[in-house]
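The following note sets out comments on the structure shown below.

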Amino acid sequence: KDVAKGGPLYKRAIAHEGLHAKEMGEGKIEYGDDFVRDGNKTYHRKDGQIKYNGTWLDEGDKAFPWEKRAKNAENI
């Protein structure tokens, strides 16, 4: 609600979150209370963090492949 509709940040956020929604609808990614599944890989999720390549990272970290795809969607 703090982002002006139609502004650059709004458009990037819609593109970013829209890709997550599209991929969930296609079954490409799935989010659960204690996991994130991207394709055929499942990652443990706990207390706002996801274990990726042996390291716990904050949710939304740009290292995750699904976040990289969503970040790229912002520029389309």
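1. The salt bridge between E59 and R45 is taken up at the outset; its closest N and O atoms are 2.7 Å apart. E59 belongs to the loop between β5 and α2, whereas R45 belongs to strand β3, so the pair ties together parts that are 14 residues apart in sequence. E59 is partly exposed, with a relative accessible area of 36%. The coordinates come from a predicted model, and the remarks below should be read accordingly.

2. On the fold as a whole, the chain contains two helices and five strands. Their order along the sequence is α-β-β-β-β-β-α. The C-alpha trace spans about 40 × 25 × 20 Å along its principal axes. The accessible surface comes to about 5,500 Å², and carbon and sulfur atoms account for 50% of that area. Of the 76 residues in the chain, 26% are buried. Among contacts between residues at least 6 apart in sequence, 27% join residues at least 24 apart.

3. The structure holds seven salt bridges. One of them joins R69 to E23, with the closest N and O atoms 2.8 Å apart. Since R69 lies in helix α2 and E23 in helix α1, this pair ties together parts that are 46 residues apart in sequence. E23 counts as buried, at 3% relative accessibility, while R69 is partly exposed at 23%.

4. R69 also forms a salt bridge with D38, where the closest N and O atoms are 2.6 Å apart. This second pair links distant parts of the chain, for D38 is in strand β2 (residues 35-38) and R69 is in helix α2, 31 residues apart. D38 is buried, with a relative accessible area of 11%.

5. E67 is buried yet has no salt bridge. Side chains of opposite charge can pair when their charged atoms come close. For E67, the nearest side chain of opposite charge is that of R45, 8.6 Å away, and a salt bridge requires a separation within 4 Å. R45 is itself the salt-bridge partner of E59. Leaving out residues up to four places away in sequence, E67 touches H16, H20, G60, D61 and K62.

6. Strand β3 (residues 41-46) and β4 pair in the antiparallel sense over two bridges; K46 has Q49 in β4 as its bridge partner. The hairpin of β3 and β4 has two residues between the strands, and D47 there takes a positive phi near 50°. β4 also pairs with strand β5 (residues 55-58), in the antiparallel sense and over four bridges. I50 has L57 in β5 as its bridge partner. The hairpin of β4 and β5 likewise has two residues between its strands, and N53 in the turn has a positive phi of about 50°.

7. Which residues of strand β4 lie on its covered face, and which on its uncovered one? In this strand (residues 49-52), I50 and Y52 form the covered face, whereas Q49 and K51 form the uncovered one.

8. Nonpolar side chains tend to be buried together in soluble globular proteins. In this model, the largest nonpolar core has eight residues in all: I29, V36, Y43, I50, Y52, L57, F64 and W66. I50 and Y52, the covered residues of β4, are both members of that core.

9. I50 connects several of the points above. Apart from its neighbours within four places in sequence, I50 is in contact with V36, Y43, H44, R45, T55, W56, L57, E59, F64 and W66. That list includes R45 and E59, the salt-bridge pair of the opening point. It also includes the core residues V36, Y43, L57, F64 and W66.

10. Y10 is partly exposed, with a relative accessible area of 28%. Leaving aside its neighbours within four places in sequence, Y10 is in contact with V3, A4 and K5.

Conventions
Residues are numbered from 1 along each chain as its sequence is written. This is a predicted model: local features need pLDDT of at least 70, side-chain atom pairs count only at pLDDT 80 or more; totals for chains, interfaces and linings use all residues. Side-chain values use heavy atoms; hydrogens and water are left out. Buried means under 20% relative accessible area, exposed over 50%, partly exposed in between (1.4 Å probe, protein chains only). Lys and Arg count as positive and Asp and Glu as negative; His and the chain ends are not counted. Contact means heavy atoms within 4.5 Å. A nonpolar core is a set of buried Ala, Val, Leu, Ile, Met, Phe, Trp, Tyr and Cys residues joined through side-chain atoms within 4.5 Å. Two strands pair if DSSP finds at least two bridges between them. Accessible areas come from the Shrake-Rupley method with a 1.4 Å probe; for residues, only the protein chains shown count as cover.
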